[in-house]
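Walk through this two-chain model with me.

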Amino acid sequence: MGNISDQVAKDPFWFHECFLMLMPIGRKAVNFRELLEAIRSLDESVLYYHLIQSRLAPSPPAVEYPNDLAYWAANALQDSKLAEKLGSFDPFEYENMGQVRQEVVDILEDYIMDLSYIPEARSGFELHFCKASTVVVRSEINAQTLEELCDALGKVGLDSLYYHFFEARWRLGVRKADDLSYWIENNFDLPDLVRAIRDMDIYFYSLKEIRETLMSVIQQHMGEICEQTP
Amino acid sequence: MNRLHDYAALAGPEVIGQLHRLAEKLGARRFVHINSTRSGGGVAEILSRAVPLLNQLGLETNWEVIYGDQEFFEVTKAFHNALQGFKVNLPQVMLDHYREVNRENARRFTWEADFVLVHDPQPACLIEEMRGRAKCWIWRCHIDVSRPNPQVWRFLRDVVRQYDASVFSMSQFAQNLPHPQYLIRPSIDPFSEKNRDLTPEEIQAVLDRLEIKRDKPIILQVSRFDSFKDPVGVIQAFRLVRRHAPCKLVLAGGEATDDPEGPRILAEVMEAANGEPDIQVLLLPSDAHHEVNALQRAADIIVQKSTREGFGLTVTEAMWKGKPVIGGAAGGIVLQLQDYNTGFLVHSPEGCAFRIRYLLHRPELARRMGQLAREFVRQHFLITRHIRDYLTLVTLVDNPGSRIIEL
């Protein structure tokens, strides 16, 4: 592994930038029952936004939940138990959004069975459903070696990490695959590193944490070629 | 005017690179913004900064303003109130006058464009006369229309549905319209006179000129004298605080040429503040950006106790200055303030008083809250993000039907 950092890939890895434009659909949920009804009936693109894409939207610094639904349950319904269930759910364990929707519906239906009252959002905290359109542009940052990759990871925006780790899962149609590990797999003989990247708990992390964890994972496998981001 | 690359130090160099790449992909396009005032209010402030930056990116961008008489602005103010949920009476003769003023302005305009962004209801009717002058018409609504008066919204909806897309500041403002609706949050310019760094001497000079002594903690609300900003509620909160903690209240309001209601609300405020030497009510001209900046930087706690709010840029400005902010749980304030982190949300004068006292007694928490608030604004609400949204928007509108566009 001594000179792996100098090995040049057949094709460079081009980082892409991803610009999200939210599209509100004019529908909201004010209580648990309306949430369930909306999840059952709304377009998959709406569910996709609230479970996946919303991490590119502005959010306060101390949000611990990985998706909008869990955050809304905690913050607006003030129902910690529901927030725990929705926060533990990982859409990347499913093959498509149809399965994801069914799993969320199952969680909510199971939960409603035990409810003695229907929790209601406080005023001003209703869940307003959105979908999103995206514009993707190739950035000017690329990497041909793992050293260059490490250097680039410290420079690219969080939207690039979102694109290559979140959008990629659905775009590639391969479970547990992201653009970066896919590129490493196809250009370097480093199966342990590929596996370590694919084993990262992507959905749970914020984008900033993904950057830090990724740098750390590569560093562990490659020694000192990467410098930790500040 | 600052150059785009100046913003790299605050927003990050990668952000500036993104703007150039997006603009380059769009190519040479003509972009027109239209609103109803050159000064006063958040829209004019954003446009005065965004239009030069868009031009620097190579988009030929012009800012046009419609003119109207007092009667016209009374109609549009009534629109504004009605769209925010107030009951108003708008007889047909007033609606006719609104249309006629738009027609007169349309006759005066000579521009042609690829994209036109029409801000708020005042110039919305221009599309009826000028549809062929631009390829894409986008209606940009800055108002909280979450609970509009149905009669007024029906009238306006018939106009707005002619557009190719609408843009709102919050998802709860979206309406039932036959075209794509997008969300763009407003922004502040960190280099504008209202937000640039000031020296302690500059701040003190403004306080001296406005005769504000720093002998007690300063509580500040900056906003138009508008009933939705609840300045009287702020005075009630202040009176509750004063029973327990020494402090002073400054209510600073700007004037806008398109707001005929201001003098009446100001009179109500003056009456509510009567007899209280620690309340200072300042009526500032619409271009008093330097003074507002100094006041915000001198304040210990900043309040924006709105009961309805489009977005609440005064909250954003205060957060950018690293101040602890207490805001009414309305519109975009909810998006910006998170309890114990970036600020406090309140629902009543009592709640406002409670949080003022809370912060006055916990200066370290107030300081930390201010730091988090500034970083939150840096990441999400600077003008560079706004420009990026404009470029993304027109890219999407230029490619109708596509939800993912790879350029």
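Which residue of β12(B) does Gly328(B) stand opposite? Gly328(B) faces Val346(B). This is a predicted model, where local features need pLDDT of at least 70, side-chain atom pairs count only at pLDDT 80 or more, and totals for chains, interfaces and linings use all residues. Residues are numbered from 1 along each chain as its sequence is written, and chains are lettered from A and ligands numbered from 1 in the order in which they are written.

Strand β11 (residues 325-328) of chain B pairs with β12(B) in the parallel sense, over three bridges. Strands (E, at least two residues) and helices (H or I, at least four) are DSSP runs, numbered from the N terminus. Two strands pair if DSSP finds at least two bridges between them. The open sheet has six parallel strands, in the order β9-β8-β7-β10-β11-β12 of chain B. β9 (279-284) and β12 (344-346) of chain B are at the edges with a single partner strand each, so one side of each lacks a neighbour in the sheet.

Now the core. The largest nonpolar core has 176 residues. Such a core is a set of buried Ala, Val, Leu, Ile, Met, Phe, Trp, Tyr and Cys residues joined through C-beta atoms within 7 Å. Buried means 20 or more other C-beta atoms within 10 Å of the residue's own, with C-beta atoms placed from the backbone. Val116(B), Ile138(B) and Leu220(B) have the most contacts inside this core.

Finally, the chains meet. β2(A) pairs with strand β13 (residues 404-406) of chain B, in the parallel sense, over three bridges. There, Val136(A) has Glu406(B) as its bridge partner.

Definitions and conventions: Buried ≥ 20, exposed ≤ 12 C-beta atoms within 10 Å, placed from the backbone.
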